[in-house]
Amino acid sequence: MNSYCESIKLIVPKRRIPIGSFSVSDDCEFLFIFKDAIGIYDPYPKIVNELTADRPGHIDCSIRYFDVSDADSFAFPVKFVGRNANPPSEVLHFAFSCYDRTSQNVESLEYRNHKYRNAEWSPTGIDQMSRAVFSCVTSDYQLYIAFRVGDNWSGKKRLSEPWFEFWRSQSVGLLSESRRNFFEPPDGYNESGSSGELEYETLNEYLSSADDMSFLQSTWSKKIRFAEKPESNMQRSSNALLTALHKSGTISFWDVSVPIIDGNCIRLAAVDRTYGVVSYSSSQSYNPNCIKIVDIDIENFFLVIGFPNGKVVCAFYQAYAKQLDLLSVLRMGQYELCKSSADQKPIGGVSFKNGTLAVAKGTRVYLAEVVSHVNVKPICSISSDDIMKPITGVCFYDNHLYISSEDGIIAKSTIPTPTKKKYEVTIIYQSPPAGGNYYHRYYNGLYISPNGVHASFLEGTVAPAYCDIPTNVI
């Protein structure tokens, strides 16, 4: 990127404040998380008409918004029946808020600040017009898949219900130590015909199940799997893969039949409870709090899993369409990329290209060469004296790694290798000093267009704006 660049800023409507990073689809549509909605934005029509804007260097923001109706909340039919338990009132309030989703206190600080916790695009080609859909996790820990009906974002499927049906079929036995492994759900579990409330005799079981029924994050594989050998008289089928992290540390894998028409096109494919914490009392320290899926090839992928204690694990899987309309997932192994440390900064960004993995954590970017679950070679960690605040975005382009940070810095680094670990970090764009017309605070996220013309990021200011820098990334 040249030292000189032009910037274009969107005029974000009043009271629409973006939170955290953003997601970009294969069709270059942007997905923003606002305090009260999900924003979908296509920048290219407005960039073409940028010269007609009232304010030079700014363009009007025609963002379409998606919001989940309060009436869609799902109340889990569960019951605590312990006779001798006398839990404190704050514990009961927590359990109540987890299960009775319809009674979420909209005045709570958590609800006001984070109505949506996570949102991410699927690969292109999922809906009936071969466009992308997206998943989102709400403040009350429910997971939705949103898709377009025509040109409107009116289609949605809540995955909390099929997950609860799976829980109903397994009952409290799912919390046992013997189930802390990877497995595929039994066929027909949702047709068992069981009904009524789930009853728990101990408070630990009750709260542990609350964590396991609460979604925390979602992430999509960017590869669409096709059936291996479809019959000659049948059309070839395809499947997409959605992965979700639960508060308990459980990881669920969801098979999405392509094209997605309604909720019947989504099924639970596999469950990995390797990182699930059975005891609620210790769950806050050991269960993962971040996942990001990375594709190696058309079948093999791995999850970058972050933990509160600073540990980062790469868990390897294989997903393939073993028959028409049915996706199978296998666990292959894991590799510990970062051990537990005093640096408990969360993962700021993940990028993967040509076998090189970059994981931003704190003020460093950890690099590793990844070929398979048995062939992972750590390279080094990249840092700079100019970057003193957490890195919030990483992206490979050409022969460089690009970095954004809360210092208001966009930097690039040469890419070291296992045999040549020397690197050089160059600052290529930096926010002007605070004051005047800038009021800069931080940068969040980073996306570089496939042709290297646009570098995009969120700029935290008094009135946060989305910044788009049209220049050659060289």
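A salt bridge here is a side-chain nitrogen of Lys or Arg within 4 Å of a carboxyl oxygen of Asp or Glu. With that in hand, a search of the whole structure, which is a predicted model, finds 12 salt bridges.

**View 1. Glutamate 29 pairs with arginine 64.** The closest N and O atoms of glutamate 29 and arginine 64 are 3.7 Å apart, and the two residues form a salt bridge. Glutamate 29 sits in the loop between strand 2 (18-24) and strand 3 (30-34), while arginine 64 belongs to strand 6 (residues 64-66), so this pair ties together parts that are 35 residues apart in sequence. Are the two partners buried or exposed? Glutamate 29 is buried, at a relative accessible area of 8%, and arginine 64 is partly exposed, at 31%.

**View 2. Arginine 64 also has a salt bridge with aspartate 151.** Here the closest N and O atoms are 3.6 Å apart. The link joins distant parts of the chain: aspartate 151 is in the loop between strand 10 and strand 11 (152-158), and arginine 64 is in strand 6, 87 residues apart.

View 3. Aspartate 212 meets arginine 273 in a salt bridge. For this pair, the closest N and O atoms are 3.9 Å apart. Aspartate 212 is part of helix 5 (residues 203-212), whereas arginine 273 is found in the loop between strand 18 (266-272) and helix 6 (283-286), so to speak a link between distant parts of the chain, 61 residues apart. Glu29, Arg64, Arg148 and Asp151 belong to one network. Which feature joins these four residues? Salt bridges that share partners do. Look for Arg64 with Glu29 and for Arg64 with Asp151.

**View 4. Aspartate 140 is buried in a loop between two strands.** The loop that holds aspartate 140 runs between strand 9 (134-138) and strand 10 (143-149). The relative accessible area of aspartate 140 is 9%, and buried means under 20%, so this residue counts as buried. What does the side chain of aspartate 140 contact? Another polar contact is with the side chain of glutamine 142, at 3.2 Å.

Note on methods:
Residues numbered from 1 in each chain as written. Predicted model: local features only at pLDDT ≥ 70, side-chain atom pairs only at ≥ 80, totals over all residues. Heavy atoms only, no water. Helix = DSSP H or I, 4+ residues; strand = E, 2+ residues; numbered from the N terminus. Buried < 20%, exposed > 50% of the residue type's maximum accessible area, 1.4 Å probe, protein only. Polar contact = N/O pair within 3.5 Å; in protein donor to acceptor, adjacent residues only side chain to side chain.
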